[in-house]
Amino acid sequence: MTFSTRKLLAGLAVVMLSSSPLLASAAGNAYQMGLPEEAPGAELIKAGQFKAGIEQAVSPRQADTDPFFRQLSLCVAYSRTADFASAEAACTDAVQRAGTLQAVPRSAKREMRALALNNRAVMNLMAGDKVAALQDLMLAVKLDNSELTVANLQRLTMSINGIASTQVAQQAAE
């Protein structure tokens with residue numbers, strides 16, 4: 001199955017995954033990764049079955065799936081299993097492939113690259129590299145000012161500046 005740009009742009013259904021053990025829906029303020037629902041292994045990854053999601057993404061049955069979506073799935077799943085060497089390779093490959101997609105409008109390539117950069121940033125945070133994460137998130141926001149990337153960048157900026165989210169909420173309430 002080949003993924004089309006139309007599927008991606010028609011709402012970009014994103015599976016939100018937090019950097020904590022809980023899914024983002026249960027963990028509100030965690031850094032979040034995004035994964036289109038139709039990417040290979042997305043349902044398994046969403047369910048926390050990361051190894052099964054990896055197996056599905058690399059399965060020979062996925063040979064005709066766009067490599068960008070395969071690498072995006074692998075980026076998220078490897079990150080969640082703390083296999084940071086494999087995650088780094090998959091995340092970086094997804095970032096590079098987003099710009100080389102054929103017959104995809106430039107705006108869609110920007111959105112896809114921003115999503116891949118966001119995911120690589122969260123992976124870098126999980127691996128303990130805030131500098132690399134900040135660089136990726138700043139570029140992601142520049143490419144596509146989505147809620148996902150902006151929220152992750154704001155959270156990281158507050159963390160670097162030593163501002164707890166409860167302080168921000170108290171200051172906003174005053």
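I began with the meeting of helix 4 and helix 5 in this predicted model, where F50, I54, A57 and V58 in helix 4 touch R70, S73, L74, A77, Y78 and R80 in helix 5, a contact being heavy atoms within 4.5 Å. Helices here are DSSP runs (H or I, at least four residues), numbered from the N terminus.

For the geometry I noted that helix 4 (residues 50-58) packs on helix 5 at an angle of about 155°, with the axes 9 Å apart; the axes are lines fitted to C-alpha atoms over the stretch in contact, and angles run from 0 to 180 degrees between N-to-C directions. The two helices are therefore roughly antiparallel, the term used for angles over 145 degrees.

Next I looked for disulfides (cysteine sulfur atoms within 2.5 Å), and the search of the whole structure gave one. It joins C75 to C91, S to S 1.9 Å, and the torsion about the S-S bond is about 80°, so the disulfide is right-handed. C75 lies in helix 5 (residues 67-80) and C91 in helix 6 (residues 84-98), 16 residues apart. Both C75 and C91 are buried, that is, under 20% relative accessible area with a 1.4 Å probe, protein chains only.

Finally I checked pLDDT, the predictor's confidence in each residue from 0 to 100: the chain averages 81, and 77% of the residues score at least 70. Over residues 18-28 the pLDDT is below 50, and this stretch has 23 contacts beyond near neighbours in sequence.

Residues are numbered from 1 along each chain as its sequence is written. Local features need pLDDT of at least 70, side-chain atom pairs count only at 80 or more, totals for chains, interfaces and linings use all residues, and side-chain values use heavy atoms, without hydrogens and water.

Key:
Buried means under 20% relative accessible area, exposed over 50%, partly exposed in between (1.4 Å probe, protein chains only). Angles under 35 degrees count as roughly parallel, over 145 as roughly antiparallel, 65 to 115 as roughly perpendicular and the rest as oblique.
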